[in-house]
Amino acid sequence: MTDPNAWYFCLKHHTAEQGAGCRALDRLGPYPDRAAAEHALESTAEHTREEDAKDAAWEDGAGPERQT
């Protein structure tokens, strides 16, 4: 069930949508407000860069101990 007050970013239409809209497969979110949904691609890209940096550090041995 979709929260009618939550905001989503539609990957198909490149627009912010509130509540029910396009199918879930085509959306990112939920986001707390329209502004956050409108910046979904930027925030997702930033999050990916941060996680890629963590992965690289871990692979180089700078991360937490690996559990085997």
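Predicted model: local features only at pLDDT ≥ 70, side-chain atom pairs only at ≥ 80, totals over all residues.
Start with α2, residues 40–59. This helix has 20 residues. From first C-alpha to last, α2 reaches 28 Å, close to the 28 Å expected at 1.5 Å a residue. After α2 comes G61, with a positive phi near 90°.

Now the salt bridges. How many does a search of the whole structure find? Five. I'll take some of them in turn.

E46 is partly exposed at 35% relative accessibility. R49 is partly exposed too, at 49%.

Next, α1, residues 34–38. Here E38 bridges to R34, with the closest N and O atoms 2.9 Å apart. These two are four residues apart in α1, so again about one helical turn lies between them. E38 comes out at 39% relative accessibility, partly exposed. R34 is at 43%, also partly exposed. As a reminder, an α-helix has 3.6 residues a turn, so residues three or four places apart point the same way.

Then D26 and R23, at 3.0 Å between the closest N and O atoms. R23 is exposed, at 53%.

Last, the surface charge. D52, D55, E59 and D60 gather in a negative patch. D60 lies in the segment after α2. D60 is exposed, with a relative accessible area of 68%.

Definitions and conventions
Residues numbered from 1 in each chain as written. Heavy atoms only, no water. Patch = residues over 30% accessible without salt bridge, like charges linked within 9 Å, V, L, I, M, F, W, Y side chains within 5 Å. Areas by Shrake-Rupley, 256 points an atom, 1.4 Å probe, with all protein chains shown as cover. Salt bridge = Lys/Arg side-chain N within 4 Å of Asp/Glu carboxyl O. Lys, Arg positive; Asp, Glu negative; His and termini not counted. Charge placed at Lys NZ, Arg CZ, Asp CG, Glu CD. Buried < 20%, exposed > 50% of the residue type's maximum accessible area, 1.4 Å probe, protein only. Expected span 1.5 Å × (residues − 1).
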